[in-house]
Every structure is written in C-alpha cells, then in structure tokens.
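Here is a short report on one protein chain. Look at the sequence and the 3D view, then read on.

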Amino acid sequence: MTSAAHRGAHRGARLEAVGTYVPSKVLTNADLAKLVDTTDEWIVRRTGIRERRVAAPDEFTSDLCTAAARDLFTRSGSSPDDVELVIVGTTTPDYAFPSVASQVQDRLGMRHAGAVDLQATCAGFAYGLHIANGLVSAGIHERVLVIAGETLTKVTDYTDRASCILFGDAAGAALVEPATPGSIRASVVGSHGEGGPHLYRTGLSCRIAGPAGAELAPGLMRQNGREVYRWAVETVAAGVSRLMERAGVTGDDIDWFIPHSANIRITEAVCERTGIPIARTLSSIECYGNTSAATIPLALAAGIAEDKIHRGDTVILYGFGGGLVHAGLLLEW
Ligand code: UT7
C-alpha cells in the first residue's frame, strides 16, 4: 500500500462541487423476488439494500456521466470550459473505445480538456480523486473533473441470486481545483491482484451492437461474495487506520466516513475495527444498492444536500472492489 500525507501551506487541491444522476426506473427487492429465490427480508438483513435504479435499454454509462457532470455545473462556480482533464472511473463503458470520458468531453463541449477512462472498479472515484489531487497539487492542471459512472445492471446475471440483488446504476462527479493549503490531507491506494478471480468480468463493452451494428456478447459479472467481504473488511479497516495515522487524527476527529456502499454489514464491521461510530457514516446502499464507483459521490452529494456535511468537516472516502483494489482519501470538505 502506498500512501501520502498532503499538508502545509503549499498548493494543494480541494473538491469544489459534486453532482449526481440516477436513472428513473426503480427495481425493488419484491421485483427481484419474482426473478430469483430470495426475499425482501433476506436482502435487507444481509445487505441493507431496499431498491436500486436501472438504466433504460438505450441509456448507457456515458449518458449517466454526462447528466452527473451537468448537475455538477449547476452547483459550481466553474464552467465546462474551465476543465483541463476529464477522468471517468467505470467498469461498464459504453464501448471498449471510444472512452466514456471522450464522449462526456464532447457532449459538454469541454474544448480545452483531455479525457481518459480509469479502470479501478468500485474504487474508481477514490482513485480518480487521488490522481486529480496529484495533478492539481503539482500545478500540472487547474481543474480536473472526476466522474464515476456505472450501468452494472447491464452486466449482472439475473439468474445468480447471490449477486443480482446487489447492483444498480448511477453516476457522480466532483470538480477538483487548486487550494492553498489543500483540503485533501492524505490518501492511500493498494492492490491485491491475487484476489482478482473473486470478482471479475470478461467483456468490456456494454452495448450489444457495436457502432457498425455487429453483435457483441457482454461478459456478465462473477463474484465470490464471501471472499470479497472478508478481504474488504480487513483491507478497508487497515487503510482507514493508515489514513488517520498519516493525517495525524483519530476516529474522534472524523465527522463523516463514506466507504463504498457494497454492504451495510461491511461498513459496520469496519467501524467496529476503526472506532468510527456507525452514526457518522454516510451510505447510498438503501435506495441505490451497489452502484460500484458511483456509491461514494452519491452518498457525499446526499450528505451535502441534507445539510449533514458542512464546509470544514473532516471526511474519509474509501473505495474498494474488483482487482482487488482499494483507495481512500481524508479531506476537509
Ligand atoms: O462492490 C464490490 C465489492 N463487493 C462486495 O463488497 C460484496 C461483498 N460480499 C457481500 O456483500 C456478501 O457476501 C453477499 C451479500 C454477496 C452475500 O451475503 P453473505 O452473508 O456473505 O451470504 P453467503 O454468500 O455466505 O450465503 C449465505 C446463504 C447461502 O445459503 P446456504 O449455503 O447457507 O444454504 C446462500 O445460498 O444465503 C444464501 N443466499 C441467499 N438467500 C436468499 C445467497 N444469496 C441469497 C439471496 N436470497 N439473494
């Protein structure tokens, strides 16, 4: 695991604004009980999920990401023209290429921006912020737009009750800009590639037909839930402790902890190990399920909208998922 503490009166970075988008179609636990042998009671008790959103057949990750970015710019002092780099964290791009980032860059008319997709599964938002923080702090870029978007329901196996109950579609975005001192105080990243077989997908494109109309077969997601669960609890607890140590704070100093919303029981177990009270966590699991890279910006945006997170609050964001990879940041909102 590599880590970095970012302090002092040097140029750093801050999150200027966040935006989100979720598709309108709701898939409830009762709906899933008609597809596989499960119950609302089992899903709520074992995961915390009540419902999730499903993208329309003709709605893809680039559409969700574009909408989340548009939402962000309604709340931001900056405009799309100010963005110098678009990073999209996604495991469900419309196509193998062109990238989702390039499609968003075009649709928002970001004339001065480079564009790149980042493949870090459910840790994509945290990895994107880690990279954007480095680029902005170093003075390489002024404004980096980090978007996390997924249409996991297009690659979910709706005959596998252990995984199909988990996933939903959403997108979230954050604009990273310079600040002196920076408000991103520490970050950590790590990878356990040996765990790759526990969570994987072989396909890349989410569209059944390619741009020229050829038929493609998207690979479905496979997960060994128990192994990923065990790894996540250990890894995230260790990563959060490392972040707090790097920033010189304890669990008492954390106003809000926003781990990737994969399963409410993972969050509870991490809280138990790190001493962060569960009451200080924010999650998007209940209404949106596991939306992979998008869960953290969804919970962050809701926390701000509900007047829970205030400027100056100390917040930990922690993503983890297929790879197996993880990344976390400790920042002042
Ligand atoms: O976002 C990327 C990272 N992913 C994660 O972090 C996911 C981590 N894993 C999990 O969240 C959990 O492992 C799951 C939610 C996927 C599964 O929960 P679990 O408590 O670990 O269940 P389990 O796999 O140990 O299965 C327990 C029992 C099994 O039955 P038996 O063998 O004990 O008879 C399963 O067949 O629950 C059964 N089961 C279900 N029963 C009703 C599995 N899925 C279901 C279901 N409804 N949907």
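## Charges over rings

The charged end of lysine 154 sits over the ring of phenylalanine 60, 4.6 Å from the ring centre. Here, a charge sits over a ring if NZ of Lys or CZ of Arg is within 6 Å of the ring centre and within 35 degrees of the ring normal. Arginine 311 lies over the face of tryptophan 333, 3.9 Å from the ring centre.

This is a predicted model: local features need pLDDT of at least 70, side-chain atom pairs count only at pLDDT 80 or more, and totals for chains, interfaces and linings use all residues. Residues are numbered from 1 along each chain as its sequence is written, and side-chain values use heavy atoms, with hydrogens and water left out.

## Two domains

The protein chain is divided into domain 1 (4-181) and domain 2 (185-332). These bounds come from an automatic or database domain assignment. Taken over C-alpha atoms, the centres of domain 1 and domain 2 are 12 Å apart. Domain 1 puts 53 residues into the contact, and domain 2 puts in 51. Contact means heavy atoms within 4.5 Å.

## The largest pocket

Where does the largest pocket lie? Both domain 1 and domain 2 give residues to its lining, so the largest pocket lies between them. A pocket is an open set of points on a 1 Å grid over the protein atoms alone, where a 1.4 Å probe fits, with protein on both sides within 12 Å along at least five of seven lines. Lining residues have an atom within 4 Å of a point.

The largest pocket holds about 860 Å³ of space. A volume is the space filled by probe spheres set on the points, which are joined across faces, edges and corners. The lining has 40 residues; among those nearest the centre are Ala162 and Phe167. Helix H7 (225-247) is one of the elements that supply at least two residues. H7 gives the largest share, five residues. Helices (H or I, at least four residues) are DSSP runs, numbered from the N terminus.

## The second largest pocket

The second largest pocket has a volume of about 380 Å³. Of its 20 lining residues, Ser283, Ser284, Ala299, Ala302 and Glu306 are closest to the centre. Helix H9 (285-288) and helix H10 (295-305) each give two or more residues to this lining. H10 gives the most, with five. Both domains supply residues here too, so the second largest pocket also lies between them.
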